[in-house]
Structures are given as structure tokens and as C-alpha cells.
Amino acid sequence: GDGTVDAVVTLMREKEIFEKEPLLVLLPGGTTNMTIRDAGIQGCPLKALAKVFKDPSRLKTIERHLMKATSPGLSSSVYGFFFGMGAIPRIIKHARKALHSKGHTGASGELFLLIRTLLILLFGDVEKDKVLNPSTLKIQNEQASNCVFSIVTTLHRLVLGLNPTKQKHNLGFMALKYPYKN
């Protein structure tokens, strides 16, 4: 999944394992699989792997720029194609605890979580919700208050088909502030 891809590219960059970094073959195996979906790969991991071995010449190569995140709270840098702040890590933690531990993974878990999140954003008390409560986010010297979440990504396709990157640009940023109207 996305976490495994991030861990592999972080290890490759931090430890400089290869003289020239290899191409990566991505297989769906996580819960959300945004990186894998962005590459156009779907379905069962075993079937995807069988396609790789059957005819490697038919593999499609795409290029996405890798981002590096550093933070005083991290012991080392982290590399990835998607970084979420604010409610994003809390939503992931909530999903693992409340859904994944009960077997609700994949599309059913994502759908349930999406419906819950949308209902609270539209009709609930966002400020009192333990997962979605707004916070102040800082990126370098810039600060944004009352953000429910923000993301920065080099992926061209996120969940629900969202595309925060423009075709001529390699970096996308999205944020949701609360309250929604000034």
C-alpha cells in the first residue's frame, strides 16, 4: 500500500542502497492504495503480479516526483508522493482502530469512513469531533488556522478521482478550512 511504498522509497533515499535508483513495480496490497491507483493498477495483487511475470514489456512506466518531509518531531526524513496533515493522520488512525480491526478494509471501509466524514462535515459539530476538529497547520513559515485537513501531493489521482495537481505542474495542494464561510 501507500505506507509500504513510502517506506521503501525513504529507505532507498536515506540509505543510498542503489547507485542508480531502480524502477518500482507497484502492486495493490494496502487499504487506500492511492499511489498504486494513480499508476492505473487495480484488482487482486496476485493477478497483478502474474501480469508482471507474464509480459514485463507491457508494463506502463509513469513518473511522479518524490517529496521529502522533515520535522523536528521526526528522527529522520520521510519521502513520499502524498502527505496529509490535520485530520488525515487522525482519520487513518481511526480507520485502523474502528474499521480495519473489525475486518472492514478496502472499498467497504473507505465508503463507511467517507460517509461518516461527509455527514460530520455537513451536519455535525466539526469542532467537537475527535477526528475532524480543526487545528493550526504550519508549513515552513506559513501558518493556516482552523484547517480540518490539508494535503500536498505529486499524485494525479486521489480518492474519489480528486486531482489537486494541474497537468503542467507536479505539485498539488488542497486544504479544507472550518468554518466553511467567512
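Start with D129 and R116: their side chains meet in a salt bridge, 3.0 Å from N to O. This is a predicted model, so keep that in mind throughout. The pair ties together distant parts of the chain. D129 sits in the loop between α5 and β4, R116 in helix α5, 13 residues apart. D129 counts as buried, because its relative accessibility is 11% and the cut-off is under 20%.

How many salt bridges are there? The count comes to 3.

Next one: D38 with R64. The closest N and O atoms are 2.6 Å apart. Again, distant parts of the chain are linked: D38 is in helix α2, R64 in the loop between α3 and β1, 26 residues apart. D38 is buried, at 9% relative accessibility.

Then R13 and E21, 2.6 Å from N to O. R13 is partly exposed, at 35%. E21 is partly exposed too, at 35%.

Now the inside. The largest nonpolar core has 24 residues. F82, V126, L132 and V148 have the most contacts inside it. Helices α2, α4 and α5 and strand β5 each supply at least two residues of this core. Which element gives the largest share? That is α4, with 5 residues.

L111, I115, L118, L119, L122 and F123 make a nonpolar patch of about 650 Å². L119 lies in helix α5. At 47% relative accessibility, L119 is partly exposed.

Last, charge. K47, K51, K54 and R58 form a positive surface patch. K47 lies in helix α3, residues 45-54. K47 is exposed, with a relative accessible area of 60%.

Key
Residues numbered from 1 in each chain as written. Predicted model: local features only at pLDDT ≥ 70, side-chain atom pairs only at ≥ 80, totals over all residues. Heavy atoms only, no water. Patch = residues over 30% accessible without salt bridge, like charges linked within 9 Å, V, L, I, M, F, W, Y side chains within 5 Å. Areas by Shrake-Rupley, 256 points an atom, 1.4 Å probe, with all protein chains shown as cover. Salt bridge = Lys/Arg side-chain N within 4 Å of Asp/Glu carboxyl O. Lys, Arg positive; Asp, Glu negative; His and termini not counted. Charge placed at Lys NZ, Arg CZ, Asp CG, Glu CD. Helix = DSSP H or I, 4+ residues; strand = E, 2+ residues; numbered from the N terminus. Buried < 20%, exposed > 50% of the residue type's maximum accessible area, 1.4 Å probe, protein only. Core = buried A, V, L, I, M, F, W, Y, C linked by side-chain atoms within 4.5 Å.
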